[in-house]
Structures are given as C-alpha cells and as structure tokens.
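Subject: Structure handover

Hello,

Here is the structure I promised to pass on. Please open it alongside this note.

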Amino acid sequence: MRRFRADWVWTPDGPVRGGEITVGDDGRIAKVRASHTTGAEALEHRGLLLPGLVNAHCHLELSDLRGRIPGGQGLSSWAQALLARRRAPQDEAMRQALEQAWEAGTAAIVDVTNTGASMPLLAEGPVGGVAQVELLGIEPDRCEAARAHAARLLLAPGLPAVETCHAVVSCAEDLLARVLAPPVDPRPAVTFHCDEDPADTRLLREEDGPWADFLDRLGRQWRGRMGRADSPVRLLEGLGALGPHLALVHCVHTGPRDLDRLAATGTAVVLCPRSNLHIGGVLPDAAAMVRRGIPLAIGTDSLASVDDLDLLQEAAVLASAFPAIDPGAWVQALTTGGARLLEPTVGARSDGASRGGLAPGASHGLLLVELPRTEEPARTLLDGTRWPRRWLCPPTRD
Ligand SMILES: [Zn+2]
C-alpha cells in the first residue's frame, strides 16, 4: 500500500481539497479520503491528483502524417488530401505517438484501425485501450470483404476489440444496420464518426454535394445503397442503432432535435475540438450537450489533424470556447467519461468510475499535474498551460 496526498484530488464527484489516495499493491486505487489520515505516512505533492486520462478517439495508424494534411476547406477536401498521402502504417511513428501520449498522462486509447497495425502496440502497453476495427463498404462484395477482414483482426490477442463502421458517407445502409446494432453479448462501446461536416447531411437528404462528387470520382456504385434521411442521427435512429452501446464522434453539425434524440437514448458523444477546428474551422455545440446530460468523452483524433495527442490541450479548447460551462465537465469527460466506453456491457453503461476514476478498484493509475496554488483546480488545469505532469502509479491491465 502507498499513500499520496496533494492540494487537490479529482474524484468522480469532483475536486476534493487536501485529499489522500491509497494505492494497493496490485496497482489499483484502494481508498480515497477527503482528508489526511492522521499520522499515516504519505507522499505530499503540490498540485492535482488525477486518474490516467482516456483518449476516446484516435487513429494511431495515421501518426506519420503529422503536419502533412492541410485543413480549413472541410472534410471532403481533407479526406482527399489524406488518401493521396496515406501509406502503410509506420511502426516508429505510432510508437513515438504512444510514448508522447503516455508522457501526457494517457492511460487508455479508443483507437480506430483499418489495418490492425496499432493493435499489437496497444496490447504491449503501457497505454492500453480498445481497438475499433473500422469498416468501409458500399457495394455488397466490398462490404463482405470488409467484414471478413475485420473478423480476422478481431481475433488478435491481447487487446479488446469491436467492429464498427466509418461514417454514413462511406458505408451502405445495410452495413450500418448490421454492424451498429445494439450488442447481444457484453462489449465495449462502438464509436462512429457523425456530423463531422454539413456535407454528410446533404448526401443523405439530397444525394449530392461534395461527398457525392467524391464517391463518383472513386467510382463507387453508391446510389440506392446509402441511407436516406434528414440527418445522420435520424438515419441511425431509423436503423435502431442509437443507444448506450454507441458513441458518436464529432457531432459538430448535430442540431438541437438530434441532440435531444442522443440524450433520450443514452447515446454518448466524443468531442475532438482541435481536429474540428483544423479541418472545418467549427466547434460542436458542446454546451448544449452538457445541458442535456449527454454522456461525453474527449479524443484527440489523429496526428493527421492535430499536432499532438495531449488530452489536456484538447480539453483546454473546450474550456476556453465554453466559459459558462463548469470546466469540471471536461475533466469528467477526460476520465470517467472516456472510461465508461471501455467497459464491456450490454445496455446501460456504468459511470466509468470503477475503472477510470479515483475510486476503489479503479485501474487507470495515478497522475500528478503540478499546478500552482489555486482555488479552481479544473479551471487552472485547463487554462491552456502545458503543466508538468508525471505518473505516480502506472495503470494496471485488466
Ligand atoms: Zn476519426
């Protein structure tokens, strides 16, 4: 058993001044006390104790494209530039990205993969996570080939993995229906790109716009195979795919009535604000999501659209853009909000505290962020400063 004290401790219920954390010999959080245990020996620290952070959306296999894909022209232009530069995943770039993510305090990554190349790196640790094996497919033969490829990757040992689809603009409606359906057996949440660009809705409503041109240029036989709906969320609703098993990534252009649908069904949202600013110059209405109680997590997206995998910098963008929202909401999204997506469940998800909070039994380790004296630890944490941080205890593997 080891004890740690600090100016502030971040618990699932928010910050506690002068708290004390006991870590068991197995590396899991054993006890959380609101005040010091009199007389017991403990290491005293200046700053804030946090659980390791969860990156709820990344594509490690794009790590070699850092700084190489210009943005600002919307998603279809960005995707075109990406396809032109994309090559086989580079192990060294992925290892470096993981090392930097670790140093920035990341305990786990929800990593989207098309090739499976990132899976052995995550399986060997110390950063763990879940692989989202992502399918793209429009014509029936391509859909079957994608599913067979995914089925092989899902057998890879050492890392939890789920199958998912890329987006409504790259997958046939019946593929979405089959892959995004609520699960029968317990599994981690499935993440799915949604409303990253207004052109997504245009394709579903009118069958034209930048995505129609893009798919035509690629020679895809997409007419009559894609979903038709007033919005991506309405399409997913019609397919019976909304629910606590699903986390929608981005939701930059999701309107108020669709946000109501997400709240009513317990569908989570993963925010990637720096990537959204790079690609389209627009942020999602994260305040409206907080007000509705939509479960939130935060991801960096890949190094093809952000400069680093530092989750505190990601959340700092939200804290700055939405000053009326208690910044504690973003800290919860970085910790328990992301951790709940990792829990294998059917139906209602846990609150994530038992894995990714400073709560008894939790396994995401103990991170010290060296903040100066503050009365508002969440606000100071997310003020944009790159505060020094270090692991006091590493995460343990479940
Ligand atoms: Zn993505």
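Below are the notes on the metal site, the aromatic pairs and the salt bridges.

This is a predicted model, so local features need pLDDT of at least 70 and side-chain atom pairs count only at pLDDT 80 or more, while totals for chains, interfaces and linings use all residues. Residues are numbered from 1 along each chain as its sequence is written, and side-chain values use heavy atoms, with hydrogens and water left out.

Zinc site

The zinc ion has the protein donors H57 (NE2), H59 (NE2) and H193 (NE2), at 2.0 to 2.1 Å. Donors are N, O and S atoms within 2.8 Å of the metal (3.2 Å for Na, K and Ca); water is not among the atoms, so sites may look incomplete. Along the chain the spacing is H-x1-H-x133-H. H57 and H59 are both buried. Buried means under 20% relative accessible area, exposed over 50%, and partly exposed in between (1.4 Å probe, protein chains only).

Aromatic pairs

The whole structure contains 3 aromatic pairs. Rings of Phe, Tyr and Trp (its six-membered ring) pair if their centres lie within 6.5 Å; planes under 30 degrees apart are stacked, over 60 edge-to-face, the rest tilted. One of the pairs is W102 with W391, stacked at 4.5 Å centre to centre and 15 degrees between the planes. The pair links distant parts of the chain: W102 sits in helix 2 (residues 91-103) and W391 in strand 15 (residues 389-393), 289 residues apart. Helices (H or I, at least four residues) and strands (E, at least two) are DSSP runs, numbered from the N terminus. W102 is buried at 19% relative accessible area. W391 is buried too, at 17%. F322 and W330 have ring centres 6.3 Å apart and planes at 50 degrees, so this pair is tilted. Both F322 and W330 are buried.

Salt bridges

There are 28 salt bridges in the structure. Each is a side-chain nitrogen of Lys or Arg within 4 Å of a carboxyl oxygen of Asp or Glu.

- E61 bridges to R86, with the closest N and O atoms 2.9 Å apart. E61 is buried at 2% relative accessibility; R86 is partly exposed at 32%.
- R95 bridges to E124, the closest N and O atoms being 2.9 Å apart. R95 lies in helix 2 and E124 in helix 3 (residues 119-124), 29 residues apart.
- R202 bridges to D208 at 3.0 Å, N to O. Shared partners also join R274, D308, D310, E314, R386 and R389 into one network of salt bridges.

Best wishes
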